Amino acid sequence: MGKRDEVRRRTYAEILETADLLAEREGWRAVTIRRIATEIGYSAPVIYQHFPSKEAVLHTLLMQGNGELTHRMLAAAARGPASRTPHLAAAAYLEFARSRPSLYQLISGAPGTDIGASTRRAAAADVITFTRQLIDEWAAATACEPPDTQDACDLLWATLHGLAGIATIEDIGFDRASRLAEQAVTALLAHWSARPTHPEKRSHTVRGET
């Protein structure tokens with residue numbers, strides 16, 4: 001890599017890091033090309049050499065955030081048996097929301113992010129695929145069957161999203177939200193375990209399928 005390419009790479013990364021830190025301090029409404037430039041000490045045209053708009057900055061961070069979330073959930077699930085992977089992945093989800101608050105807000109569509117729901121869902125394709133696979137593998141390992149893999153995936157995500165939301169309330173916090181997540185996932189799995197199994201109707205998610 002030449003010196004010019006290295007400078008471009010560092011500037012690109014600095015822009016994204018600055019936008020993330022600015023959002024964490026002041027919220028996503030504060031993130032503009034001009035503010036990013038001011039924070040770094042560059043002129044706005046320098047930022048435009050790397051990103052044509054604020055929306056391009058946010059979309060790049062959105063993709064990176066989903067990538068990090070997927071990696072964390074995968075790593076957590078790999079540490080336990082299939083019967084426990086939903087609990088482990090749920091804990092990793094909440095830890096991501098706690099440790100990366102601005103990226104989590106971007107992923108979940110907080111005010112000022114200005115990214116449509118369909119775009120956010122498309123960016124989360126790998127996370128959704130992994131979650132569906134997680135549920136299928138849990139069902140296979142425990143000889144159980146959720147009512148529908150996609151419904152189960154959406155229900156699990158809705159539960160974790162809600163818990164991540166209330167975790168920011170001062171008298172609840174992430175420690176209690178994590179304990180509640182353990183209870184909620186246990187309750188969901190128990191409900192799905194009580195259903196009769198119909199192997200011929202099982203939906204199977206192929207690894208890497210979107």
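A salt bridge here means a side-chain nitrogen of Lys or Arg within 4 Å of a carboxyl oxygen of Asp or Glu. Keep in mind that this is a predicted model. By that rule, the count comes to 12 salt bridges. Let me take you through three of them.

Start in helix H1, residues 3–26. Arg 10 and Glu 6 meet there through their side chains, at 3.5 Å from N to O. The two are 4 residues apart, so about one helical turn separates them. How open are they? Arg 10 is partly exposed, at 46% relative accessibility. Glu 6 is partly exposed too, at 23%.

Next, Asp 20 and Arg 100. Their side chains form a salt bridge at 3.4 Å, N to O. Asp 20 sits in H1, while Arg 100 is in the loop between helix H5 (85–99) and helix H6 (101–108), so this pair ties together parts that are 80 residues apart in sequence. Is Asp 20 buried or exposed? It is buried, because its relative accessibility is 7% and the cut-off for buried is under 20%. Arg 100 is partly exposed, at 27%.

Third, Arg 25 and Glu 39. Their closest N and O atoms are 3.1 Å apart. Arg 25 lies in H1 and Glu 39 in helix H2, residues 33–40, so the bridge links parts 14 residues apart in sequence. Arg 25 counts as exposed, at 52%. Glu 39 is partly exposed, with 37%.

On to the helix packing. Take helix H4, residues 54–77, and helix H8, residues 125–142. Their axes come within 9 Å and cross at roughly 20°. Angles under 35 degrees count as roughly parallel, so H4 is roughly parallel to H8. The crossing of H4 and H8 is left-handed.

Which residues meet there? From H4 we have Asn 66, Leu 69, Thr 70, Met 73, Leu 74 and Ala 77. From H8 come Asp 126, Val 127, Phe 130, Thr 131 and Leu 134. By type, the residues of this contact divide into 7 nonpolar, 3 polar and 1 charged.

That is my tour. Thank you.

Note on methods: Residues are numbered from 1 along each chain as its sequence is written. This is a predicted model: local features need pLDDT of at least 70, side-chain atom pairs count only at pLDDT 80 or more; totals for chains, interfaces and linings use all residues. Side-chain values use heavy atoms; hydrogens and water are left out. Axes are lines fitted to C-alpha atoms, for helices over the stretch in contact, and angles run from 0 to 180 degrees between N-to-C directions. Angles under 35 degrees count as roughly parallel, over 145 as roughly antiparallel, 65 to 115 as roughly perpendicular and the rest as oblique. A crossing is left-handed if the near helix is turned anticlockwise from the far one by less than a right angle, and right-handed if clockwise. Contact means heavy atoms within 4.5 Å. Ala, Val, Leu, Ile, Met, Phe, Trp, Tyr, Cys and Pro count as nonpolar, Asp, Glu, Lys and Arg as charged, and the others, Gly among them, as polar. Buried means under 20% relative accessible area, exposed over 50%, partly exposed in between (1.4 Å probe, protein chains only).
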